[in-house]
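Subject: Structure handover

Hello,

Here is the structure you asked for, with notes on what turned up in it. Please read the notes with the model open.

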Amino acid sequence: MAEEKLEWDSLRKLDPQALSSIHTRFYPDVLRLATYRVGDRMVAEDLASETFIQLINALHAGKGPTKNIRGWLLGTTNNLVNNHFRSTYRSTFDHLGDQDALIDEPVSRLDTYLDDHDRLKSALSNLTEEQQMVISLRFGAEMSLDETARVMGKKPNAIKALQFRATNALRKQLENPSND
């Protein structure tokens, strides 16, 4: 317990060793969640790095995690992923005017859009933000019910119900993709 308090104090003082220890311990979880959500390793690495930059900025401003570092990091990662998708969707609509580029794409590129990963991504995008988050935290970040509840600010039973609704909605989307 005293060792944990010492780590928190060192972290709040932006001690390089404490920051390095936190990065070493939690980077794999942060990267796994980001990769699960975006499906692109390079984008996921950028988002994971941005998570730790935000941790340093928050600590520098006297903010940041108060009890659960892992939960704070994964919650921040999830928010960054959501922001990434928002900006991606905006830029997609900006480029829709160039229809010739879409028509000229080789047929082999279509296979990329038809694989299971894209179907899952599309189905996930039709879920509510809370449902996406619970799926990401429970399955992408492999968090327990209690950890997920802490990150989402809910009780474990509420997370169970949300996860149940989310997996049912996801299953329906995957079984009947024409209901977009």
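The accessible surface of the protein comes to about 11,400 Å² (Shrake-Rupley method, 1.4 Å probe; for residues, only the protein chains shown count as cover). Carbon and sulfur atoms account for 54% of that surface. Of the 180 residues, 33% count as buried; here buried means under 20% relative accessible area, exposed means over 50%, and partly exposed is in between, with a 1.4 Å probe and protein chains only.

This is a predicted model, in which local features need pLDDT of at least 70 and side-chain atom pairs count only at pLDDT 80 or more, while totals for chains, interfaces and linings use all residues. Residues are numbered from 1 along each chain as its sequence is written, and side-chain values use heavy atoms, with hydrogens and water left out.

Fold

The protein has 10 helices and zero strands. Helices (H or I, at least four residues) and strands (E, at least two) are DSSP runs, numbered from the N terminus. Among contacts (heavy atoms within 4.5 Å) between residues at least 6 apart in sequence, 61% join residues at least 24 apart.

Core

As a general point, nonpolar side chains in soluble globular proteins tend to be buried together. The largest nonpolar core in this model has 38 residues. Such a core is a set of buried Ala, Val, Leu, Ile, Met, Phe, Trp, Tyr and Cys residues joined through side-chain atoms within 4.5 Å. Ile22, Leu73 and Leu137 touch the most other members. Two or more residues each come from helix 1 (2–12), helix 2, helix 3, helix 4, helix 7 (116–125), helix 8, helix 9 and helix 10. Helix 2 gives the most, with eight residues.

What does Ile22 touch, not counting residues up to four places away in sequence? The list is Glu7, Leu11, Tyr27, Phe52, Leu55, Ile69 and Leu73.

Two of the residues on that list, Tyr27 and Phe52, form an aromatic pair, 6.1 Å centre to centre with 35° between the planes, which counts as tilted. The rule covers rings of Phe, Tyr and Trp (its six-membered ring) with centres within 6.5 Å; planes under 30 degrees apart are stacked, over 60 edge-to-face, and the rest tilted. The count by this rule is one aromatic pair. Tyr27 is in helix 2 and Phe52 in helix 3, 25 residues apart, so the pair links distant parts of the chain. Phe52 is buried, at 8% relative accessibility.

Thr51 also lies in helix 3 (residues 41–60) and is buried at 0% relative accessibility. Leaving aside neighbours within four places in sequence, Thr51 is in contact with Val30, Trp72, Leu73, Thr76, Thr77 and Leu80.

Ala166, in helix 10, is likewise buried, with a relative accessible area of 0%. With neighbours within four places set aside, Ala166 contacts Leu127, Gln131, Val134 and Ile135. Ala166 and Leu124 are 42 residues apart in sequence, and their C-alpha atoms are 9.1 Å apart in space.

Salt bridges

How many salt bridges are there? The count is seven, taking a salt bridge as a side-chain nitrogen of Lys or Arg within 4 Å of a carboxyl oxygen of Asp or Glu. Three of them are described here.

Arg70 and Asp29 meet at 2.9 Å, N to O. This pair links distant parts of the chain, with Arg70 in helix 4 (residues 69–94) and Asp29 in helix 2 (residues 16–38), 41 residues apart. Arg70 is buried at 14% relative accessible area, and Asp29 is buried at 14% as well.

Arg32 and Glu142 form a salt bridge at 4.0 Å, N to O. Arg32 is in helix 2 and Glu142 in the loop between helix 8 (129–140) and helix 9 (145–152), 110 residues apart. Arg32 is partly exposed at 32%, whereas Glu142 is exposed at 53%.

In the salt bridge of Lys154 with Glu130, the closest N and O atoms are 2.9 Å apart. Lys154 is in the loop between helix 9 and helix 10 (156–175), and Glu130 is in helix 8, 24 residues apart. Lys154 is partly exposed at 30%, and Glu130 is partly exposed at 38%.

Salt bridges that share partners join Asp29, Arg32, Arg70, Glu142 and Glu147 into one network.

Regards
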